[in-house]
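Please look over the sequence and the fold before reading on, and keep both in view while working through the points that follow.

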Amino acid sequence: MSNLYRSAISARAAKLPNLPHIPAPTPSPEKRHDADLPGSGLGPPPIPKPKRTPNPAFSPISASGYFEEALQVSLPTRNLDCRVYYSAPKTKGNDPRVGTVMVCHHGAGYSGLSFACFAKEVSEMTRGECGALAFDARRHGETTSTGEEEDGDLSIDVLVADFCAMIETVFPDPNSSPSLLLIGHSMGGSVVVRSCPKLIEKKYRIAGVAVLDVVEGSAVEALPHMNSLLNARPEGFDSMEEAIEWHVNTNTIQNSSSARLSIPSAIQHVPEASLPYQWRTPLRSTAPYWLSWFQGLSSSFLAARTARLLVLAGTDRLDKELMIGQMQGKFQQTVVSGVGHMLHEDDPTQIAEIMVRFWRRNERVVVGVKKVGEL
């Protein structure tokens with residue numbers, strides 16, 4: 001896992017080129033407390049830092065060319081208008097049943113565009129034979145609530161129900177659906193693992209499930225220290241360029257091109273705020289749900305009735321359940337060096353190569369040959 005992650009342990013339809021920006025609802029300004037006023041007896045108000053000139057080297061770039069289209073998918077049963085990015089598989093005769101789509105779920109605080117560079121690599125490596133789909137989870141990116149009240153519940157059962165509803169809406173007929181390879185990063189890994197048996201029960205063909213850089217034992221041990229880690233994150237930024245630059249300079253995302261693609265969807269513009277570019281999903285607000293994301297992940301992963309892959313950023317110890325499962329050959333594990341926690345953004349080419357090999361080994365198998373990790 002990344003040094004940043006490890007330190008926590010110890011202490012609808014629009015083509016992308018013409019896709020309009022859908023601004024998030026602007027929150028009403030908070031009331032200022034008397035204690036914040038000059039002359040309150042608590043000293044002078046803080047001196048605002050001078051605003052920096054935005055660095056054009058970190059300006060946002062368009063996602064056109066990375067996915068074929070961006071869709072707003074209505075999920076009325078979930079009270080969501082869900083942003084989906086999709087590149088369909090190119091198959092002979094356009095028969096979707098012989099194609100595969102890598103369905104990607106992002107981690108907490110990010111968005112489907114964190115898989116943009118990865119999706120392009122997959123399409124190029126497979127010559128379009130394998131498609132890619134990524135989406136923004138509730139309270140993330142360009143997905144919005146359609147209910148009368150904003151539903152901020154990010155517990156694992158809610159996220160799983162959202163994910164399955166999205167799949168059932170985009171691919172309504174399991175018999176004509178392409179096979180699906182489920183990929184989840186961090187929080188998203190927990191979602192795809194727990195969604196796998198539900199989708200199999202609904203007769204979707206699941207080519208495999210892949211978890212990126214999350215181990216239950218390490219994640220649960222990290223939780224008591226997460227608030228201290230989050231104290232190092234700024235409350236906001238003066239510009240979008242500054243937000244992107246912060247992610248790159250802190251090695252949160254090592255690949256500046258990917259950061260310029262993905263971070264704009266993770267930041268919202270709040271004009272009246274002192275720092276007008278703020279986190280769309282402040283990670284501290286997700287704290288009540290952290291334990292539900294990771295507790296039971298190892299057993300759910302090992303129980304998945306499909307091929308299983310765990311990809312880690314750097315060496316990291318497995319918890320006891322995964323260690324036993326690995327010795328029994330229940331899943332494939334790959335360790336990637338030179339990347340951080342956002343490994344699919346840091347090195348999308350290498351992660352795409354790993355996923356394409358996994359797909360070719362387990363989806364395009366000879367009849368009668370058991371998939372890796374299948375019992």
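How many aromatic pairs does the structure hold? The structure, which is a predicted model, holds nine aromatic pairs.

**Aromatic pairs**

- The rings of Phe 67 and Tyr 85 have centres 5.7 Å apart and planes at 35°, so this pair counts as tilted.
- Phe 67 belongs to the loop between strand E1 (14–15) and strand E2 (69–75), while Tyr 85 belongs to strand E3 (residues 80–87), so the pair ties together parts that are 18 residues apart in sequence.
- Phe 67 and Tyr 85 are both buried.
- In the pair formed by Phe 237 and Trp 279, the ring centres are 5.5 Å apart and the planes stand at 70°, so the pair is edge-to-face.
- Because Phe 237 lies in strand E9 and Trp 279 in strand E11 (residues 277–279), this pair ties together parts that are 42 residues apart in sequence.

- Arg 233 is found in the loop between helix H6 (226–230) and strand E9 (236–237).
- Although Arg 233 is buried, it has no salt bridge, and the nearest side chain of opposite charge, that of Glu 235, is 8.2 Å away.
- What does Arg 233 touch, not counting residues up to four places away in sequence? With those neighbours left out, Arg 233 touches Trp 246, Trp 279 and Leu 283.
- The charged end of Arg 233 sits over the ring of Trp 279, at 3.9 Å from its centre.

**Helix H2 and what covers it**

- Helix H2 spans residues 116–125, and its buried residues are Ala 116, Cys 117, Phe 118, Ala 119, Glu 121 and Val 122.
- The elements that cover these buried residues include strand E4 (100–105), strand E5 (130–135) and strand E7 (179–185), together with helix H8 (256–262), helix H12 (343–346) and helix H13 (348–362).
- The charged end of Lys 120 sits over the ring of Tyr 66, at 4.8 Å from its centre.

**Positive phi angles**

- Most residues other than glycine have a negative phi, which gives a background for the residues listed here.
- Arg 127, which follows H2, has a positive phi near 55°.
- Ser 186 is not a glycine, yet its phi is positive at about 55°; Ser 186 lies in the loop between E7 and helix H4 (187–201).
- With a relative accessibility of 8%, Ser 186 falls under the 20% limit and therefore counts as buried.
- Asp 213 is not a glycine either, and it has a positive phi of about 55°; its place is in the loop between strand E8 (206–212) and helix H5 (216–222).
- Asp 213 has a relative accessible area of 0%, so it is buried.

**Cysteines without disulfides**

- How many disulfides does the structure hold? The structure holds zero disulfides.
- The closest cysteine sulfur to that of Cys 164 is in Cys 196, and because the distance is 9.6 Å, the two are too far apart for a bond, given that a disulfide needs sulfur atoms within 2.5 Å.
- Cys 164 has a relative accessibility of 6%, so it counts as buried.
- Cys 117 has a relative accessibility of 10%, so it counts as buried, and it is one of the buried residues of H2.

Terms used:
Residues are numbered from 1 along each chain as its sequence is written. This is a predicted model: local features need pLDDT of at least 70, side-chain atom pairs count only at pLDDT 80 or more; totals for chains, interfaces and linings use all residues. Side-chain values use heavy atoms; hydrogens and water are left out. Buried means under 20% relative accessible area, exposed over 50%, partly exposed in between (1.4 Å probe, protein chains only). Helices (H or I, at least four residues) and strands (E, at least two) are DSSP runs, numbered from the N terminus. Contact means heavy atoms within 4.5 Å. Lys and Arg count as positive and Asp and Glu as negative; His and the chain ends are not counted. A salt bridge is a side-chain nitrogen of Lys or Arg within 4 Å of a carboxyl oxygen of Asp or Glu. Rings of Phe, Tyr and Trp (its six-membered ring) pair if their centres lie within 6.5 Å; planes under 30 degrees apart count as stacked, over 60 as edge-to-face and the rest as tilted. A charge sits over a ring if NZ of Lys or CZ of Arg is within 6 Å of the ring centre and within 35 degrees of the ring normal.
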